[in-house]
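Open the model in your viewer and keep the selection panel at hand. The stops below say what to select and what is there.

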Amino acid sequence: MQRTGILFVIVGSIVGAGIILSFYGSQIITDELIKGEGQVRFGENLIIPVKLDNSKTQTGNYAIQIIDFKEEITAKILDPFDKEIEFQSINKEVFEGRFNITTSGIYKLVIENTDEKEIKIFGVIGPEPDANKKSLWIISFWILIIGLIGVGGVAIYAIKNRKKSFS
């Protein structure tokens, strides 16, 4: 039984490390994103500006979440010259999109409510995370999966050993 306890501590530590790395990876990825939220009435816009540098990344991300989803929501991305470079009619509760960063400057996510009801909207915009940041999140995910499989394996091992000790 002492061996089983040690194994549980080991796989428990692996699961804990996976959880900690997962939180850390998520924090790093979302750190550069600018968030905005608000109750948006008919004909009003929620505007979220972000300063982006095309020497660091050529791709930007944006995401929109609509509480009490209605299909009368549109989103557009404006470049530093207020020229529309992306337009989407939002057709689901959570939407993600990408856009090209051609010049450095302030880009804007403009979310418009064309429904007659006031709607709660969350939006984020920022640079695409680099490969190192993404890989940290993927590694933490696999560490967590391996740890959970290990917990299951140690539990099966403990049950089999318990049966042998009663025989």
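Start by selecting helix α2, residues 131-166, which contains isoleucine 146. Helices (H or I, at least four residues) and strands (E, at least two) are DSSP runs, numbered from the N terminus. This is a predicted model: local features need pLDDT of at least 70 and side-chain atom pairs count only at pLDDT 80 or more, while totals for chains, interfaces and linings use all residues. Residues are numbered from 1 along each chain as its sequence is written, and side-chain values use heavy atoms, with hydrogens and water left out.

Isoleucine 146 is exposed, at 53% relative accessible area. Buried means under 20% relative accessible area, exposed over 50%, and partly exposed in between (1.4 Å probe, protein chains only).

**Strand β3.** Next, select residues 59-66. Six of the eight residues of this strand, β3, are buried, so it is largely enclosed by the rest of the structure. Seven bridges join β3 to β6 (residues 94-100), antiparallel, and threonine 59 has asparagine 100 as its bridge partner there. Strand β8 (residues 119-127) is also antiparallel to β3, through seven bridges; look for asparagine 61 opposite glycine 126. Two strands pair if DSSP finds at least two bridges between them.

**The open sheet.** Four strands make an open sheet in the order β2-β7-β4-β5, with antiparallel pairing. Its edge strands, β2 (45-52) and β5 (84-90), each pair on one side only.

**Salt bridges.** How many salt bridges does a search of the whole structure find? The search finds five, each a side-chain nitrogen of Lys or Arg within 4 Å of a carboxyl oxygen of Asp or Glu. Select glutamate 37 and lysine 120, whose side chains meet at 3.1 Å, N to O. This pair links strand β1 (residues 34-40) with β8, 83 residues apart.

Finish at arginine 41, which is partly exposed at 48%. Arginine 41 bridges to glutamate 44 at 3.4 Å and to glutamate 118 at 3.1 Å. Shared partners join Arg41, Glu44 and Glu118 into one network.
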